[in-house]
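Subject: Structure handover

Hello,

Please find the structure below. My notes on it follow.

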Amino acid sequence: MKKIRNAALDMLLKYLATDPMERLPAILAIASKLDKGNIHKGQLSAVREVLQDDRSVWYRFIEDLFAGVDVRSIQKLAECFVVNAGLDGEAHARAAEERYGCNIPWAILMDPTSACNLKCTGCWAAQYGNKNNLAYEVLDSIIRQGKQLGTHFYIFSGGEPLVRKKDIIRLCKAHCDCYFLSFTNGTLVDDAFCREIKRVGNLSLAFSIEGDEASTDMRRGKGTYAKVIEAMERMRAHRLLFGYSTCYHRYNTESVGSDEFIDHMISLGCRFAWNFTYIPVGKDARCDLLATPEQRAYMYRRVREIRETKPIFALDFWNDGEHTQGCIAGGRRYLHINAAGDVEPCAFIHYSNVNIHDTTLLEALQSPLFMAYRKRQPFNENHLRPCPLLDNPDALIAMVKESGAVSTEMEAREDVDMLCAKTTGAAILWEKTADRLWKNISER
């Protein structure tokens, strides 16, 4: 079976390098053969259907991808992300989940460092301080343990991850069967680093941006927007795969959802968009930044419009709960390891039972807080209310207290009752709007 699988993969990579648009049907047929247990049969059928129409936005997306991105980068995306993390890894992870009786993540988010060269308003990561680092050997060990469980997708956050860009490239080279993505403020991306990204092939970047220049510089500091745009232009010149990440809040939602902003990002070469809503994590977090129910509903509709009309792959970390059947944290689809080694269920949930320096990855997944997540997921029958902090704060309070988890914030430890008090009002307001949206979905 392994020989057949490798032969099919070799053919897939060959087709991607030569007349890929003409060979799309053959490429999808090979992908179907590599889908162990037909886990992704529905998704592959949907992709096949939309790509049959050469006038569709997704046909244009694929066409633009092959025209604008280095062939080796596309091949590594197919090999490491689509096959190893998706088609192969998913089956492996679900088998491990049965064997060990705990969640097994599709992706692991980890912070190489808490250091950052910016000080952004409302940054959740700032609560960790700026002096922690995960040693290369620890990062390497996490990935090796993850691969044994079926996890082949690793995401770097921080701090500013590219403070450690030499170690990130070293990890990409050491684990050439995995795919890596790094969030970045863009200020440390130079031509030398772009050449290194092209050399390894299995790394892409998500540039943090808050909409237009005024909105971005308001949160990230004057001149930051110009530096992000410069970094994107540099990545595009090197024919590299990248996208953007934005945090929508009360003062920028309409900007990040506008045609003007999205079309500009596409023109700069962005292939994907991660949309997050603001969460008031930390003792001094600004609650006035919380998006209104109307803004969150606007982004729900807007992201779906973007998918139907624009050649960019757009995700909404909260509003896509209908597609993920609720919250994906707690190892269900991902987990977070901060720069001090604390293993947390989510990047926005700064509570933990265990530290990766003292335990294995599997033991962390079997720890009390992670098992509390597994027992309760989904946290709401309405999957547009997926989050235990933003949408169901009583659930988070119960899990933290019953598991004995403690705050991992270094700057000022935050009691879970105090944290959830900041989101309870927003949860009540969103419930009414979300229930109306969910009813419309259910009646389709």
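Helices (H or I, at least four residues) and strands (E, at least two) are DSSP runs, numbered from the N terminus. On that scheme, Arg302 sits in helix 13 (residues 293–309). This is a predicted model, so local features need pLDDT of at least 70 and side-chain atom pairs count only at pLDDT 80 or more, while totals for chains, interfaces and linings use all residues. Residues are numbered from 1 along each chain as its sequence is written, and side-chain values use heavy atoms, with hydrogens and water left out.

Arg302 counts as buried because its relative accessibility is 8% (buried is under 20% relative accessible area, exposed over 50%, partly exposed in between; 1.4 Å probe, protein chains only). Setting aside neighbours within four places in sequence, Arg302 is in contact (heavy atoms within 4.5 Å) with Gly257, Ser258, Asp259, Ile262 and Lys310.

The axes of helix 13 and helix 19 (residues 424–442) come within 9 Å and cross at roughly 30°. Axes here are lines fitted to C-alpha atoms, for helices over the stretch in contact, with angles from 0 to 180 degrees between N-to-C directions. Helix 13 contributes Pro293, Arg296, Ala297 and Tyr300 to the contact, and helix 19 contributes Leu429, Trp430, Thr433, Leu437 and Ile441.

Cys102

Cys102 is in the loop between helix 5 (71–100) and strand 1 (107–110). Its relative accessible area is 0%, so Cys102 is buried. Not counting residues up to four places away in sequence, Cys102 touches Glu97, Leu362, Leu365, Gln366, Met371 and Arg374. Glu213 is 111 residues from Cys102 along the chain, and their C-alpha atoms are separated by 44 Å.

Nonpolar cores

A nonpolar core is a set of buried Ala, Val, Leu, Ile, Met, Phe, Trp, Tyr and Cys residues joined through side-chain atoms within 4.5 Å. The largest has 73 residues, and Tyr373, Leu389 and Leu396 have the most contacts inside it. Helix 5 gives the most to this core, with seven residues. Apart from this core lies another of 65 residues, including Met110, Ile209, Ile312 and Ile337. Leaving aside neighbours within four places in sequence, Leu396 is in contact with Ile349, Tyr373, Pro388, Leu389, Val416, Leu419 and Cys420.

Regards
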